[in-house]
Amino acid sequence: MTTSADVTPGVVDEDRVQQFLEKVITDSGAAVAGLCTSLGDRLGLYKAMAGAGPLTSAQLAARTGLNERYVREWLAAQVAGEYLDYAPGTDTYLLPDEHAAVLADPERATYAAGFFTMLQALYATEDTLMEAFRTGEGVGWEEHGPALFAGTAKFFRPGYSAALVPEWLTALDGMVEKLERGARVADVGCGYGYSTTLMAQAFPRSHFEGFDFHRPSIEAARDIVAEQGLDDRVSFRVATAQDFPGEDFDLITFFDCLHDTGDPGGALHHAEQALADGGTCMVVEPNASANAQENANPIGRAVTASSVAICLPSALAQHGPQALGNHAGEEAMRQIAEEAGLHHWRLAAESPVNRVYAVGR
């Protein structure tokens with residue numbers, strides 16, 4: 001990576017200009033192509049192509065009930081982006097199995113199409129964000145469109161489904177045994193409640209309470225848990241991270257949300273007060289660094305850009321004492337926990353996307 005120390009002031013390297021221009025053009029193409037990816041996901045185009053072998057545009061249109069001319073244009077864009085393979089001799093298009101694992105199957109841990117659902121909501125708030133940059137005010141979670149709420153839940157669900165029960169909970173000393181016997185769990189900032197219901201499905205003797213300040217998300221969570229028939233051990237309530245009700249929880253979880261609060265210290269202090277003796281907080285945060293240079297990778301780029309668009313503005317809108325952004329780093333989070341009375345902090349598990357901390361008194 002070239003740094004500022006490698007650049008001579010006043011001298012423009014035209015080769016570097018062209019290299020950077022190519023990068024920006026690539027990024028602009030990806031930004032527009034993201035809309036096509038979202039359309040392919042939401043319209044069921046990837047799902048229809050998965051495992052189907054080579055298809056013509058007419059065959060894919062028939063499978064999906066969509067207009068053939070639009071489908072043909074979408075297919076051309078997918079080939080240009082190297083998402084699909086094209087055979088000119090037969091005028092057919094193929095979604096490779098490896099690509100289907102990322103774009104067509106929500107049950108796979110590698111499914112990533114949910115991120116593109118969020119784009120609709122994010123681009124719609126650009127003018128509001130411009131004003132926030134000028135005034136320093138926040139942009140509340142609730143000020144975004146429904147695509148953000150649905151897309152966020154859709155994006156995180158595959159990773160939680162793959163790792164939460166078999167890896168993350170097992171990394172908390174003795175927690176699986178507690179849950180198997182019957183424990184009380186608070187899932188703070190639960191959103192649509194996918195994390196809550198995944199735990200409830202695995203541990204039928206335990207009781208789970210999901211809390212979120214966003215009423216539409218809580219209503220969606222209630223519908224989901226009713227469909228799954230888990231009402232006997234799962235409940236959802238509208239509450240903030242600083243005032244959720246209940247006490248003597250054996251486990252309190254914060255899934256990718258603590259950094260979104262305007263008062264993370266207050267949230268952890270409240271959690272400390274609500275923990276049972278020997279209880280544990282599980283804090284799941286993005287795998288990003290406080291050092292900007294260390295985030296110069298695909299995941300770090302997505303995380304930090306999301307912080308500009310969603311996380312920092314959401315925290316600022318709450319007018320609390322701290323607005324962390326989503327890449328404050330482990331040391332900052334550990335210090336906040338220490339000040340909240342949670343003196344035991346341990347990195348329990350890690351994935352390319354998340355870091356999972358076990359936190360206790």
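His319 counts as exposed because its relative accessibility is 59% (buried means under 20% relative accessible area, exposed over 50%, partly exposed in between, with a 1.4 Å probe and protein chains only). This is a predicted model, in which local features need pLDDT of at least 70 and side-chain atom pairs count only at pLDDT 80 or more, while totals for chains, interfaces and linings use all residues. Residues are numbered from 1 along each chain as its sequence is written, and side-chain values use heavy atoms, with hydrogens and water left out. The structure holds 14 salt bridges (a side-chain nitrogen of Lys or Arg within 4 Å of a carboxyl oxygen of Asp or Glu).

**Positive phi angles**

- His319 is not a glycine, yet its phi is positive, at about 55°.
- The loop between α14 and α15 (330-339) is the place of His319 (helices are DSSP runs of H or I with at least four residues, strands runs of E with at least two, numbered from the N terminus).
- Asp256, also not a glycine, has a positive phi of about 50°.
- Asp256 belongs to the loop between β6 (249-255) and α13, and with 9% relative accessibility Asp256 counts as buried.

- Leu35 is located in helix α1 (residues 14-42) and is exposed, at 55% relative accessibility.
- Together with Leu39 and Leu43, Leu35 forms a nonpolar surface patch with about 270 Å² of accessible area (patches take residues with over 30% relative accessible area and no salt bridge, joining like charges within 9 Å and nonpolar side chains, namely Val, Leu, Ile, Met, Phe, Trp and Tyr, within 5 Å; areas come from the Shrake-Rupley method with a 1.4 Å probe).
- The axis of α1 comes within 10 Å of that of helix α4 (residues 68-80), and the two cross at roughly 125° (angles run from 0 to 180 degrees between N-to-C directions).
- That angle makes α1 oblique to α4 (under 35 degrees counts as roughly parallel, over 145 as roughly antiparallel, 65 to 115 as roughly perpendicular and the rest as oblique).
- The α1 and α4 crossing is left-handed (the near helix is turned anticlockwise from the far one by less than a right angle).

**Salt bridges between separate elements**

- Asp27 and Arg301 form a salt bridge in which the closest N and O atoms are 2.6 Å apart.
- This pair links distant parts of the chain, 274 residues apart, with Asp27 in helix α1 and Arg301 in helix α14 (residues 298-317).
- Asp27 is partly exposed at 24% relative accessible area, and Arg301 is partly exposed at 45%.
- A salt bridge of 2.8 Å, N to O, joins the side chains of Glu272 and Arg361.
- Glu272 lies in helix α13 (residues 264-274) and Arg361 in the segment after β9 (354-360), so the pair ties together parts 89 residues apart in sequence.
- Glu272 is buried, with a relative accessible area of 12%, whereas Arg361 is partly exposed at 34%.

**Salt-bridge network**

- Glu330, Glu331, Arg334, Glu350 and Arg355 are connected in a network of salt bridges.
- One of its pairs is Arg355 with Glu350, whose closest N and O atoms lie 2.9 Å apart.
- Arg355 counts as buried at 14% relative accessibility, whereas Glu350 counts as partly exposed at 46%.

**Asp97 and Asp13**

- Asp97 is part of helix α5 (residues 97-103) and is exposed, with a relative accessible area of 57%.
- Asp97 and Asp13 are 84 residues apart along the chain, and 43 Å separates their C-alpha atoms.
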